[in-house]
Amino acid sequence: MPSEAARAYARAMPGLYTKAPPAQADAPRWTVWGAAYGGRSTVDGNAAVGSHDLDSRAWGIAAGADYRLSTGTLLGFALAGGETKWATGGLGSGSSDVFQAGLYGSHRYGPGFVSAALAYAWHDATTTRSVTIAGPETLEGRFHPQVFAARLETGWRFGGPTLGFTPYAAGQVQALRMPGFSETATFGAGNFALSYADETVTVPRSELGAWADTRFLTGSGELILRGRAAWAHDFKTDRSLTPTFQALPGGSFVVTGATADADLALVSAAAEWRIGPGMAVIAKVDGELGETSRTLAGTGTLRVTW
């Protein structure tokens with residue numbers, strides 16, 4: 001159509017010839033991620049109560065997916081598998097294969113947020129103990145502990161797009177269910193084999209601290225750096241059990257394990273590299289430091305969003 005005629009029709013019939021607004025692409029809603037983690041923890045024993053140093057290590061892989069219900073609300077799930085190993089100064093050791101599953105969600109309202117998580121873990125644990133009182137014996141225990149956990153966290157971010165400071169507060173609780181089990185002798189007579197009654201231990205924790213973040217544009221994407229300093233308080237740090245000699249019914253006694261600190265300093269450092277649209281690589285280091293206990297862990301994550 002000649003341009004003059006087109007303009008004439010447009011003036012006469014604007015409803016037909018008004019250009020429609022461009023269709024907007026759907027905002028990214030799905031994210032999948034995979035991660036690998038590893039860490040080590042040490043707790044000093046106390047000779048006065050007869051406890052020995054504890055050295056434990058953990059590693060594994062995790063994967064999950066989350067869906068953005070709206071601009072500020074996200075829900076997701078995660079699955080993980082790994083292994084832990086621990087030792088108590090040559091007196092005994094153990095290992096555990098673990099399967100974990102969790103649900104998590106977060107809601108943002110302006111600069112504020114509230115997040116929650118529920119988790120479950122199933123362990124296939126084995127302990128080994130050596131006794132030389134009346135000839136060498138090697139005693140082994142096999143059992144399946146379960147852990148249920150919940151966490152609630154809220155915070156408020158101050159600052160602008162390139163530099164921010166986020167104070168936060170969190171509370172969490174873990175319930176460890178230890179089933180009853182009995183040791184068996186893999187070497188020797190087994191005269192000192194022990195039995196343990198089932199027990200459930202509930203461990204609440206509070207956290208109070210802050211995150212700081214900054215970001216840069218680079219030639220290969222956006223780089224986000226984050227750091228955390230916080231204080232955590234564990235309301236139950238007792239590590240004691242009451243085993244019974246199998247060969248001496250009623251012969252029970254109390255064993256006190258290495259006790260972790262109730263108050264801990266939490267430190268974290270993380271770097272997130274957003275390579276391009278919908279893809280990010282994250283590296284993170286976490287530490288828990290106390291007077292007698294120390295934990296250091298690292299996580300590497302790949303996230304893909306569409």
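User: Which residues does S41 touch, leaving out residues up to four places away in sequence?
Analyst: In this predicted model, S41 touches L54, D55, S56, R294 and T295.

User: What joins the side chains of S41 and T295?
Analyst: A polar contact of 2.9 Å does that.

User: And where is S41 found?
Analyst: You'll see S41 in strand β1, which covers residues 30-43.

User: Is S41 buried or exposed there?
Analyst: S41 counts as buried, because its relative accessibility is 17% and the cut-off for buried is under 20%.

User: OK, switching to L163. Does that count as buried or exposed?
Analyst: L163 counts as exposed, because its relative accessibility comes to 55%, and exposed means over 50%.

User: Where's the place of L163?
Analyst: L163 is in strand β9, residues 163-178.

User: What is L163 in contact with, apart from its neighbours within four places in sequence?
Analyst: Its contacts are R157, F158, D213 and T214.

User: Now Q172. Which strand is that in?
Analyst: Q172 is in strand β9.

User: What about the side chains of Q172 and R151?
Analyst: Those two side chains are joined by a polar contact of 2.6 Å.

User: Let's zoom out. How many helices and strands does the chain have?
Analyst: There are 2 helices and 20 strands.

User: And what does the C-alpha trace span?
Analyst: About 110 × 35 × 35 Å along its principal axes. The chain's radius of gyration is 27 Å, whereas a compact globule of 306 residues would have one near 19 Å.

User: What share of the residues count as buried?
Analyst: Of the 306 residues, 29% do. The chain exposes about 17900 Å², and carbon and sulfur atoms supply 65% of that.

User: What about contacts between residues at least 6 apart in sequence: what share join residues at least 24 apart?
Analyst: That share is 59%.

User: Last one, charges. How many positive and negative ones are there?
Analyst: The chain has 24 positive and 26 negative charges, and their mean positions are 12 Å apart.

Key. Residues numbered from 1 in each chain as written. Predicted model: local features only at pLDDT ≥ 70, side-chain atom pairs only at ≥ 80, totals over all residues. Heavy atoms only, no water. Helix = DSSP H or I, 4+ residues; strand = E, 2+ residues; numbered from the N terminus. Rg over C-alpha atoms; globule rule 2.2 N^0.38 Å. Buried < 20%, exposed > 50% of the residue type's maximum accessible area, 1.4 Å probe, protein only. Contact = heavy atoms within 4.5 Å. Areas by Shrake-Rupley, 256 points an atom, 1.4 Å probe, with all protein chains shown as cover. Lys, Arg positive; Asp, Glu negative; His and termini not counted. Charge placed at Lys NZ, Arg CZ, Asp CG, Glu CD. Polar contact = N/O pair within 3.5 Å; in protein donor to acceptor, adjacent residues only side chain to side chain.
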